[in-house]
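Subject: Two-chain model, structure and notes

Hello,

Please find the structure below. My notes on it come after.

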Amino acid sequence: MTKADRTKRITRYAVLALGAFVALLPLVYLAANSLKTAPETVTRISPNPFAPEFWPESPQWSNFVSVWEGDQFGAYFLHSLIIGGLTLAGVLTTSVLAAYAFAKLRFPGKEGLFSLLLVSLMVPETVTLIPDFLVVKALGWVDQLAAVTVPFMAGAFSLFLLRQFFRQLPQDLMDMAQIDGCSHLGIVVRIVVPLSAAPLSTVAFLDLTSSWNALQWPLVVLQSPDWRPLSVGLARLVSGSGADLPLRMAGAAIAIVPILVVFLIAQKQITESIASYGLKT
Amino acid sequence: MKTDIRRGLGAVFALVLTLGSLPLEAQAFDKLNLKGTVVKYWYQHSQARETALQAMIARFNTTNEWGITVKGEFAGGYNDIANKMIAAIAGGATPDLVVAYQNNAATYAQSDALVDLEPYVNDAKFGVSAQDRQDYFEGFLSQDVFPQFGGVRLGWPPNRAVEVLYYNADWMKALNIDAPPKTWQEFYDDCKLATNAAKGTYGYAISPDASNVFAQVIARGGDFQAPQGRGYTLNTKAMADSFTFMQKLYKDGYAHKIAEQYGDQTDFANGKVLFNMSSSSGMPFYGAAIKKGAKGAFQWSVAPLPRTTPQPVQNIYGASVSVVKSTPEKQLASWLFLKWMSEPAQQAEWVKVSNYFPVRRSTAAALTDYLASNPQFADAFAQLKAGKQKAEPSFTGYELVRDAISAAYNQVLDGAPVPATLATLDDKAKKIFNQNR
């Protein structure tokens, strides 16, 4: 390696390290404040993580215990896991099947239907809030688990992403499978899905994050605590004219753990997919 | 025979006329059977406040003489509840009671979703007696009367807060300032004394918020709205004076602007600013922060804002609770719960947990110990009783105007000319008003 190459490499790593520092700083801030006392979040503050004031004088681990034990936080956590799991299973099933149909099958009106789907991506959630609520109410789902899962079991973005990937799969593979007597469903299960780990991981991660963070819709359709998700639990940690910041931060720290775990597990596939499509998570 | 028939018809006619002249509710209230009526209440409270509220609801449920059951539910923050209500109104899945700021109530009223509480308030059996009415702070009650809807009452206050001037008493003493400023010139002079650029101290931490602007404007005898709900008036002398004063204070370096939420609390607790203007409901948070402040605990209290008016005029904060149209039984049951919550015993309990002001003067009798152990609250409560209160506009879309006011305030602080900024702001507010009528 020449000296110039080494300099380039050092510069590249320095820039990347700086980027990582900037990206990680909010998480470090979250961790530091989750361990402070309430007055410390007002009086012991600094934007510099290397300053002692950035950190708590004496870590308050009890903040995590208070959040978890108080206010049904554990129950909300479980609800979010169930809601996220069901939504994910639904969206993966519908998106894979629909994306295969749009990518590999020929049927009348295919392009028109696909364009309509893309148009639905451009309608903001606020606009569809009331019509969606009316549908859910007409189906008798208000306050039911179905209200926070079924409407999200199909997503135009996931479908679009998978369709773009499926189109690149060699048609010969599908043709050979068909000659061997494989049905379309068999092709999806035996060939398409095993070859699509990267986009499927990305879709799963994005949809899980979206379901995990949803606040407005659960608040609108859930009127009792029976299926309240974690996001609503976090909203309950906000109070009056000052916020109990350490509890909010401790709650937020707990809330991001599952998403972080999923990301770490699927990290390789997600970055591969981002590299292929230039996607922003 | 004919005479008897005529007399009979005449009597029936007279009865019909008499009944017809009474409000529908007045005829029906007495006959309603409330036993088993369940009322759903959407509120925004969480943590300690929610625990206390739920305990009070449980007590109402077991002790009320009518057999009413109230079911209270956390429904998100104010904005979440507003979104939820709009969807619920469209879908016919509304609660019976809902916490609502006045501009939110106006939005719901445009869909004819709220009950006019005036017949309930005035009812001889279930309403508020004339004597009790005198006990309520009139400014709090009048906040829920909507001239733009013909004077209907769309809410009932459970509590209130006001904008106050927080001051660092120890620091003032060190600067030889013997009392909090009563005029804007005194405020300017005190801020100048407290400012030391080398030490990073200032007179005042500016939080460019529309409610604070309103508080300054009414302290100069102005208002944001024309009488009788005829729209916004933001290009006024009081508004120009407020903006010009703050622009000069900021430009001269005696005040600094804060960007982050509760940054003014932080600066005050750390002894970086002499004054703050903020809601009285923040006092417990100030107290807790000051105890652990960088410069150690210090003496502090609150006062009315500096003013040009003969007596203080304070900006009232706080959402009310509205009764949503449903069945006559649920509506009456909802009102009875609201009335019960505003009784002195419940008010005293609520003050202790929320630190909000009670809506009735007589609550003070049940707060003797609390007032003694919370001197700042006692000061603020005394000022409340001595002063006048005024509320911000209750027009639909006011939240958009608030954003515009904050933006204009920021522009002025950054050097924009006041007359031109106010002219643009006034035009914008009028457009918003007309779009939301």
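Predicted model: local features only at pLDDT ≥ 70, side-chain atom pairs only at ≥ 80, totals over all residues.

Residues are numbered from 1 along each chain as its sequence is written, chains are lettered from A and ligands numbered from 1 in the order in which they are written, and side-chain values use heavy atoms, with hydrogens and water left out.

Chain A

Chain A has 14 helices and zero strands; helices (H or I, at least four residues) and strands (E, at least two) are DSSP runs, numbered from the N terminus. The C-alpha trace of chain A spans about 70 × 70 × 30 Å along its principal axes. Of the 281 residues in chain A, 41% are buried. Here buried means under 20% relative accessible area, exposed over 50%, and partly exposed in between (1.4 Å probe, protein chains only). The accessible surface of chain A is about 15,000 Å², with 67% of it on carbon and sulfur atoms; these areas come from the Shrake-Rupley method with a 1.4 Å probe, and for residues only the protein chains shown count as cover. Taking contacts in chain A between residues at least 6 apart in sequence, 74% join residues at least 24 apart, where contact means heavy atoms within 4.5 Å.

The interface

On the chain B side, 34 residues are in contact with 30 residues of chain A. The two chains bury about 2,600 Å² between them, and 57% of this is on carbon and sulfur atoms. Buried area is the accessible area (1.4 Å probe) that two parts lose on being put together, summed over both.

The count between chain B and chain A is one salt bridge, defined as a side-chain nitrogen of Lys or Arg within 4 Å of a carboxyl oxygen of Asp or Glu. B:E50 forms a salt bridge with A:R236, with the closest N and O atoms 2.6 Å apart.

The most comes from α4(B), with eight residues.

Single residues

A:D143 is in the loop between α6 (125-138) and α7 (145-149) of chain A. Its phi is near 75°, a positive value in a residue other than glycine. A:D143 counts as partly exposed because its relative accessibility is 22%.

B:N355 is in the loop between α16 (344-354) and α17 (368-373) of chain B. The phi of B:N355 is also positive, near 65°. At 7% relative accessibility, B:N355 counts as buried. Most residues other than glycine have a negative phi.

B:H256 lies in strand β8 (residues 255-257) of chain B, and is buried with a relative accessible area of 19%. The side chain of B:H256 makes a polar contact with the side chain of B:D267 (2.8 Å). Not counting residues up to four places away in sequence, B:H256 touches several residues, among them B:Y202, B:Y250 and B:V273.

Regards

Note on methods
Polar contact = N/O pair within 3.5 Å; in protein donor to acceptor, adjacent residues only side chain to side chain.
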